[in-house]
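Dear colleague,

Please find below the structure that I am handing over to you. My notes on what was found in it follow directly after.

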Amino acid sequence: MIFDTATQSLVEAKPHDIARLYVCGITPYDATHMGHASTYLAFDTLQRVWRDAGYLVHYAQNITDIDDPLLERATATGVDWRTLADDQIELFRQDMASLDVIPPDHYVAVTEMIGEIAEAVCTLLDRGIAYRVPTEDADGDDIYFDIAAAQDATPWVLGEESNLDRDMMLALSAERGGDPDRAGKRDALDPLLWRAARVGEPSWPARVGEGRPGWHIECSVIALKHLGKDFTVQGGGFDLVFPHHELSGGHASALSGHRLAQVYSHAGLVAYEGEKMSKSLGNLVLVSRLRESGVDPRAIRLTILAHHYRSNWEWTDAVLAEATDRLARWSAAVSTSSGDASHDASTQALSAMDLIADMRMALNNDLDTPGALGVLDSALMHRIDEPRLVVDAVRALLGVAL
Ligand code: 5CA
Ligand code: ZN
């Protein structure tokens with residue numbers, strides 16, 4: 001069972017055969033902060049629970065390696081945007097590996113998909129679900145998605161995923177990369193599909209006109225290509241509910257005639273020093289810096305897992321210290337339990353299989369990692385009959401090697 005943002009309820013994310021998962025990837029600058037790590041660990045847990053239940057998992061993730069914020073950062077720091085993106089992607093990969101996150105099967109950069117995204121924009125134009133808006137500072141037109149036309153032509157309905165009212169949508173669109181005040185649009189909420197080439201900005205030749213893709217269409221096209229339509233779970237942080245997931249759902253529906261995904265799942269946001277940890281505010285705790293300062297990545301992982309994935313929580317030194325203690329306690333407990341040194345052999349040992357069943361039950365209930373940690377905390381105070389089984393289960397289900 002997992003919580004679905006669209007229906008606001010717990011639903012079975014139970015694939016028929018293969019579990020297909022898409023999680024929105026990084027825009028590669030200021031990687032990898034604890035907010036990123038927390039979101040990717042939430043879906044890593046989902047993948048582990050599916051695998052444990054015997055499903056094959058197909059997992060795709062994008063890299064937004066061309067977008068306004070990345071270009072702005074490159075300009076501000078005088079670094080070539082490609083170099084910035086490549087360095088940050090490499091750092092992200094290392095951080096994820098250090099945290100034992102199972103990598104996606106398809107890890108796809110937007111810049112590898114420009115041709116296919118441009119063709120999708122052509123298709124939407126041909127179907128009358130996209131339109132051109134003339135520009136003053138470019139030779140070609142910008143191209144926008146026509147929300148009203150998409151709702152007429154497809155089963156998709158604006159708001160069915162986010163459940164927000166129009167005023168809220170307008171506010172969030174302005175805040176999160178949209179341009180509700182752009183003149184010439186049919187609806188203020190219509191999102192950009194294709195941006196005509198501007199002087200000094202990277203662009204690619206295409207049938208729709210030289211330019212580069214908008215944000216939401218990238219994820220729709222990458223997900224459709226690698227997972228197909230109507231896949232099992234679309235994931236990301238809670239900041240992506242609107243406009244990003246709502247509109248990538250609209251684009252996918254306009255392209256395929258089907259829903260993007262069966263379940264929309266969102267991870268809560270990690271804060272630091274009182275505010276959402278974000279690149280724009282600069283209040284970042286980076287995985288790589290903690291690693292450099294000698295923090296055990298398993299303790300970082302346990303810090304994140306100690307919070308339910310849907311809760312908003314704050315990174316502090318204290319939560320890291322608690323996780324470091326827990327790691328030490330668990331490690332000591334499994335080695336003592338194996339050697340049986342300090343436990344009274346005459347008392348009844350706890351059954352490893354029962355303990356593992358309790359962990360599974362917690363995780364199957366909307367990925368309740370704090371519950372699973374609690375099961376281990378209390379069980380590991382006792383002698384366990386087969387501690388190796390527990391070590392294996394903690395490794396497989398929680399990604400922590402004791
Ligand atoms: N490239 C887009 C998605 S297509 C993007 O949002 N990139 S990002 O680098 O800003 O974020 C990468 C992932 O981390 C997204 O799923 C986002 O929702 C999540 N995220 C960002 N900040 C936080 C935070 N403070 N807490 C939890 N998750 C976060
Ligand atoms: Zn995305």
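Pro243 has its place in helix H8 (residues 241-256); helices (H or I, at least four residues) and strands (E, at least two) are DSSP runs, numbered from the N terminus. The peptide bond that joins Phe242 and Pro243 is cis, with omega at about 5°.

Before going further, please note that this is a predicted model, in which local features need pLDDT of at least 70 and side-chain atom pairs count only at pLDDT 80 or more, while totals for chains, interfaces and linings use all residues. Residues are numbered from 1 along each chain as its sequence is written, chains are lettered from A and ligands numbered from 1 in the order in which they are written, and side-chain values use heavy atoms, with hydrogens and water left out.

A cis peptide bond also runs from Ala31 to Thr32, with omega near -15°. Thr32 belongs to the loop between strand S3 (18-23) and H1. As for backbone angles, Asp100 is a residue other than glycine with a positive phi, near 60°. Asp100 is placed in the loop between helix H3 (81-98) and strand S5 (106-109).

Which residues come nearest to ligand 1? They are Gly25, Thr39, Thr64, Asp239 and Lys279, out of 24 residues around the ligand; a residue counts as near if one of its heavy atoms lies within 4 Å. The shell consists of nine nonpolar, 12 polar and three charged residues. In this scheme Ala, Val, Leu, Ile, Met, Phe, Trp, Tyr, Cys and Pro are nonpolar, Asp, Glu, Lys and Arg are charged, and the others, Gly among them, are polar. At least two residues of the shell come from each of H1, helix H7 (215-227) and strand S10 (231-237), and H1 supplies the largest share, four residues.

An oxygen atom of ligand 1 lies 2.6 Å from an N or O atom in the side chain of Asp239. A nitrogen atom of ligand 1 is 2.9 Å from a polar backbone atom of Met277. The protein covers 95% of the 600 Å² of accessible area (Shrake-Rupley method, 1.4 Å probe) that ligand 1 has on its own.

A cavity is a set of points on a 1 Å grid over the protein atoms alone where a 1.4 Å probe fits but cannot get out, and its lining residues have an atom within 4 Å of a point. The search of the whole structure finds one cavity of 30 Å³ or more, and the largest cavity holds about 80 Å³ of space, a volume being the space filled by probe spheres set on the points. Its lining includes Ser38, Leu41, Ala42 and Thr45. H1 gives the most to this lining, with four residues. By class, the lining has six nonpolar, five polar and no charged residues. Domain 1 (2-267) and domain 2 (295-398) both give residues to the lining, so the largest cavity lies between them; the domain bounds come from an automatic or database assignment.

With kind regards

Note on methods
On a 1 Å grid over the protein atoms alone, a cavity is a set of points where a 1.4 Å probe fits but cannot get out, and a pocket is an open set with protein on both sides within 12 Å along at least five of seven lines; lining residues have an atom within 4 Å of a point. A polar contact is a pair of N or O atoms within 3.5 Å; within protein, one must be able to donate a hydrogen and the other to accept it, and residues adjacent in sequence count only if both atoms are side-chain atoms.
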